[in-house]
Amino acid sequence: MLKIGSHVSMSGDDMYLGSVKEALSYKETAFMIYTGAPQNTRRKSLDRMKIDEALAYMETQGIDPKTDVVVHAPYIMNLANPDPEKRAFAADFLTQELIRSSKMHATQIVLHPGSAVGKDRPQAIIWIAEGLNDVIQRTKDLTIRIALETMAGKGNEVGKTFEELKQIIDKVNDKSRVSVCFDTCHTHDAGYDIKNDFDGVIKHFDEVVGKSYISVFHVNDSKNEKGAAKDRHENFGFGYIGFDALLKVIYHKDFENIPKILETPFIEKKAPYLEEIQMIRNKTFDKDLKEKVANKS
């Protein structure tokens, strides 16, 4: 079965249960969430998140949290920060996020590797790996993986090349606890030819990192030309990558059982995911999608 979904919210009284309901309203078979606001450290206690109710409801709907739920780590952590106190904060908070995610029965959490604030990329890679080793050691009783996301190369982001991801993974002691989140917009913006040669890109990834490390896809179109290093997502099929190329990613035979998550923009404050997923399942581009979403009651 195609594992397709989107980022959904977790707020209000229903919390995790509400996330499941939102995902199902878009007819999703997988989804991605934050455990709390991505811009701060405030987190509700686990006993208020309606975890048991969410798990019970997922079971009735054929969703397995161990394979179909992806957590995304907040953006406020930087394991590559030159300030040792800030690196320590990042490791501490990521550790807590892994524990929370495991309580939700998720088995992977997506992480932006970090930013080389001082522009020393080799040192940043060392610090990222050290932080990952620390976090993994502190959560050695858990099986949750940290999925390092491919980045667009904006600013001093680490992870804009497959080689940088490989360098990080090489320095991680327990490699069973790390994987890769492959973002189509980010890799396109970083200069990889997702549009015309996805098979060639994957061949290169396999040679450098190993395609078995890919555990989740973020499937986003891009508002930018290849190599722009800007990271601006576009709705499915409406950007520089295009519908056919993205559809090839989603239905690629090597990644049939891996979650594909949409992070495409809202259209006039309305989620486009129901319509985008319908397009994906029908394998037919709807050029009027944006108008339909905008006019949705």
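## A walk around helix α10 and beyond

Start by selecting helix α10: what covers its buried residues includes β1 (4-7), α9 (243-250), β12 (260-262) and α11 (289-294). Keep in mind that you're looking at a predicted model.

Now colour residues 273-282, the stretch that makes up α10. Which residues of this helix are buried? They are Tyr273, Glu275, Glu276, Ile277, Met279 and Ile280. Step just past the end of α10 and click on Lys283, which takes a positive phi of about 55°.

Next, show the aromatic side chains. The count comes to 15 aromatic pairs. Pick out Tyr26 and Tyr273: their ring centres are 5.6 Å apart and their planes sit at 70°, over the 60 degrees that the label needs, so this pair is edge-to-face. The two partners come from distant parts of the chain, 247 residues apart, with Tyr26 in the loop between α1 (15-25) and β2 and Tyr273 in helix α10. Buried or exposed? Tyr26 has a relative accessible area of 11%, so it's buried, and Tyr273 is buried too, at 4%.

Hop over to Phe243 and Phe285. Here the ring centres are 5.5 Å apart and the planes are at 50°, so the pair is tilted. This pair also links distant parts of the chain: Phe243 is in helix α9, while Phe285 is in the loop between α10 and α11, 42 residues away. Phe243 counts as buried because its relative accessibility is 7%, whereas Phe285, at 34%, counts as partly exposed.

**Two helices side by side**

Select α6 (residues 162-170) and α8 (residues 198-208) together. They pack at an angle of about 25°, with their axes 9 Å apart. That angle is under 35 degrees, so the two helices are roughly parallel. α6 passes α8 in a right-handed crossing. Where do they meet? Show Phe162, Glu163 and Lys166 in α6, which meet Val201, His204, Phe205 and Val208 in α8. By class, this contact has 4 nonpolar, 1 polar and 2 charged residues.

**Last stop: a glycine in a loop**

Finish at Gly36, in the loop between β2 (30-33) and α2 (51-61). Gly36 has a relative accessible area of 19%, under the 20% cut-off, so it's buried. Leaving aside residues up to four places away in sequence, Gly36 touches Met10 and Arg43.

Technical notes. Residues numbered from 1 in each chain as written. Predicted model: local features only at pLDDT ≥ 70, side-chain atom pairs only at ≥ 80, totals over all residues. Heavy atoms only, no water. Helix = DSSP H or I, 4+ residues; strand = E, 2+ residues; numbered from the N terminus. Buried < 20%, exposed > 50% of the residue type's maximum accessible area, 1.4 Å probe, protein only. Contact = heavy atoms within 4.5 Å. Axes fitted to C-alpha atoms, helices over the stretch in contact; angles between N-to-C directions. Parallel < 35°, antiparallel > 145°, perpendicular 65-115°, else oblique. Left-handed = near helix turned anticlockwise from the far one by under 90°. Nonpolar A, V, L, I, M, F, W, Y, C, P; charged D, E, K, R; others polar. Phe/Tyr/Trp six-rings, centres within 6.5 Å; stacked < 30°, edge-to-face > 60°.
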